[in-house]
Amino acid sequence: MPIYLTEGNLGKILKEIVPDLDFVHDKGVPEAENKRRRPDYRCASEKLIIEFDGYAHYCQAQRIIADSEKDEDYRALGYRIFRIPYFVQMSEQLINQIFGRSIKFEQVYSHGFIDPKAILPANFCELGILQFIQDLDNFSYHKAEIIESLNNKIQEKGNINHVLPPSLHYLVQASNRSKHSDAARRCD
């Protein structure tokens, strides 16, 4: 059954792809410095925390700072933290990156800003823009698809500034130059 990745659906997907691991959802880490913080999904046996980062993790500076503090706290306890941004869907590459396992997974949904209501990078705060750039590197195997979704949003909205802040225009301009040179090579 195809499932669109959200924080709630992440638990269902984890049960499907790694049924041998026990994940605790939205519960504090007993030995953590700040007991009120609760990771989205935690597997104690693997010392693994998986967080689903919705748009607020890109639009609210205080949220981004709190995430960083939370990650430092959990790392000090020996946890490996893996954050999945809302513009990435579960895939075999992602599963391999998180678990170091090659697990078959039928990916149905595209990566990127495909939801009609998706908050676009034009709305990100400065720290969110930096996080987005880092995420494009962290998920480089899906970068082209994410950028293609931005190009599609620009076409849909008719204005690049409604999709990307000026500091990120280079992302789509570089991909468009690459497309044009590929097309020119095919014509030769």
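Colleague: Which element gives the largest share of the lining of the largest pocket?
Modeller: That's H3, with six residues. Bear in mind that this is a predicted model. The elements that give two or more residues to this lining are helix H2 (56-59), helix H3 (61-76), S4 and H5. The lining has 19 residues, and the closest to the centre of the pocket are Asp-71, Arg-83, Gln-131, Gln-134 and Asp-135. The volume is about 400 Å³.

Colleague: How do the residues of that lining divide into nonpolar, polar and charged?
Modeller: Seven are nonpolar, six polar and six charged.

Colleague: And what lines the second largest pocket?
Modeller: There are 16 lining residues, with Asp-40, His-57, Arg-63, Asp-67 and Lys-70 nearest the centre. This lining divides into four nonpolar, two polar and ten charged residues. H3 again gives the largest share, here four residues, and the space in this pocket is about 340 Å³.

Colleague: Now the cysteines. Why is Cys-43 called buried?
Modeller: Buried means under 20% relative accessible area. Cys-43 is at 0%, so Cys-43 counts as buried.

Colleague: What makes Cys-59 partly exposed?
Modeller: That label covers the range between under 20%, which is buried, and over 50%, which is exposed. Cys-59 has 24% relative accessibility, so Cys-59 is called partly exposed.

Colleague: On to the inside. Which residues touch the most other members of the largest nonpolar core?
Modeller: Ile-17, Phe-23, Ile-50, Ile-84, Phe-99, Phe-113 and Phe-132, out of 44 residues in that core. The elements giving two or more residues to this core include helix H1 (7-17), strand S3 (48-53), strand S4 (80-85) and helix H7 (169-187).

Colleague: What does Ile-84 touch?
Modeller: Leaving out residues up to four places away in sequence, the list includes Leu-5, Leu-10, Ile-50, Phe-52, Met-90, Leu-94, Ile-98 and Phe-139. Asp-53 and Glu-51 are on that list too.

Colleague: Which residues does the second core include?
Modeller: Among its six residues are Ala-32, Tyr-74, Tyr-79 and Ile-81, and this core is separate.

Note on methods: Residues are numbered from 1 along each chain as its sequence is written. This is a predicted model: local features need pLDDT of at least 70, side-chain atom pairs count only at pLDDT 80 or more; totals for chains, interfaces and linings use all residues. Side-chain values use heavy atoms; hydrogens and water are left out. A nonpolar core is a set of buried Ala, Val, Leu, Ile, Met, Phe, Trp, Tyr and Cys residues joined through side-chain atoms within 4.5 Å. Buried means under 20% relative accessible area, exposed over 50%, partly exposed in between (1.4 Å probe, protein chains only). Contact means heavy atoms within 4.5 Å. On a 1 Å grid over the protein atoms alone, a cavity is a set of points where a 1.4 Å probe fits but cannot get out, and a pocket is an open set with protein on both sides within 12 Å along at least five of seven lines; lining residues have an atom within 4 Å of a point. Grid points are joined across faces, edges and corners, and a volume is the space filled by probe spheres set on the points. Ala, Val, Leu, Ile, Met, Phe, Trp, Tyr, Cys and Pro count as nonpolar, Asp, Glu, Lys and Arg as charged, and the others, Gly among them, as polar.
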